Amino acid sequence: MGYQIDKSDEQWRLELEPQEFAVLRRAGTERAWTGELLDEHRAGVYRCRACSAELFRSDAKFDSHCGWPSFFTPLAGDAVIERTDTSLGMTRTEVVCARCGSHLGHVFDDAPSTPTGQRYCMNSVSLTFEPAEA
Ligand SMILES: [Zn+2]
């Protein structure tokens with residue numbers, strides 16, 4: 001399947017830090033409560049760290065107490081692709097960047113307090129935060 005941004009592992013390795021590569025390109029997961037964006041509460045936009053596509057807005061971020069930055073909806077329905085992930089003996093829904101196919105995290109429908117009921121549980125290292133102009 002082709003993504004708009006399609007690079008080889010060698011190229012990604014050159015452009016990304018080792019931990020970013022492990023999560024974005026190898027579907028790794030950062031340790032809970034360690035992500036730098038967990039306590040980011042400023043207004044702004046969250047972009048894919050691999051390709052800079054806009055993925056989430058701060059007004060959809062909520063405090064899920066799960067240890068990873070969480071959003072109740074992506075910026076637009078086509079900003080991310082959701083696919084079934086059966087790794088680790090579980091059936092989960094993986095979320096990847098629609099532009100470059102990089103792994104972002106998983107989505108769960110266990111957030112009844114949000115407008116969508118969904119919790120997009122993202123890795124901080126998969127995202128970069130861009131504060132809105134003050
Ligand atoms: Zn991307």
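**Exercise 1.** In which loop does Ser 52 lie? Describe the backbone and the surroundings of this residue.

*Solution.* The model is a predicted one.
- Step 1: Ser 52 belongs to the loop between β1 and β2.
- Step 2: the phi of Ser 52 is near 75 degrees, which is a positive value in a residue other than glycine.
- Step 3: Ser 52 has 14 other C-beta atoms within 10 Å. A residue counts as exposed at 12 or fewer and as buried at 20 or more, so Ser 52 is partly exposed.

**Exercise 2.** Which strands pair with β1, and in what sense?

*Solution.* 
- Step 1: take β9, residues 127-131. It pairs with β1, residues 44-48, in the antiparallel sense over five bridges. In this pairing Arg 47 has Thr 128 of β9 as its bridge partner.
- Step 2: take β2, residues 54-57. Three bridges join β2 to β1, and the two strands run antiparallel. Here Val 45 has Arg 57 of β2 as its bridge partner.
- Step 3: look at the connection. β1 and β2 form a hairpin with five residues between them, and Ser 52 is in the turn.

**Exercise 3.** Give the strand order of the open six-stranded sheet. Then explain why one side of β3 and of β5 is left without a neighbour in the sheet.

*Solution.* 
- Step 1: the order is β3-β4-β8-β7-β6-β5, and the pairing is antiparallel.
- Step 2: β3 (61-62) and β5 (80-85) stand at the edges and each has a single partner strand, so one side of each has no neighbour in the sheet.

**Exercise 4.** Is Leu 88 buried or exposed? How many of the six residues of β7 are buried?

*Solution.* 
- Step 1: Leu 88 is found in the loop between β5 and β6 (92-97).
- Step 2: its phi is positive, about 60 degrees, although Leu 88 is not a glycine.
- Step 3: Leu 88 has 8 other C-beta atoms within 10 Å, so it is exposed.
- Step 4: turn to β7, residues 103-108. Five of its six residues are buried, so the strand is largely enclosed by the rest of the structure.

**Exercise 5.** What are the overall composition and dimensions of the protein?

*Solution.* 
- Step 1: there are two helices and nine strands. From the N terminus on, the elements run α-α-β-β-β-β-β-β-β-β-β.
- Step 2: the C-alpha trace spans about 45 × 40 × 30 Å along its principal axes.
- Step 3: a compact globule of 134 residues would have a radius of gyration near 14 Å, and the protein agrees with this at 14 Å.
- Step 4: of the 134 residues, 32% count as buried.
- Step 5: take the contacts between residues at least 6 apart in sequence. Of these, 55% join residues at least 24 apart.

Note on methods: Residues numbered from 1 in each chain as written. Predicted model: local features only at pLDDT ≥ 70, side-chain atom pairs only at ≥ 80, totals over all residues. Pairing = 2+ DSSP bridges. Helix = DSSP H or I, 4+ residues; strand = E, 2+ residues; numbered from the N terminus. Rg over C-alpha atoms; globule rule 2.2 N^0.38 Å. Contact = placed C-beta atoms within 7 Å.
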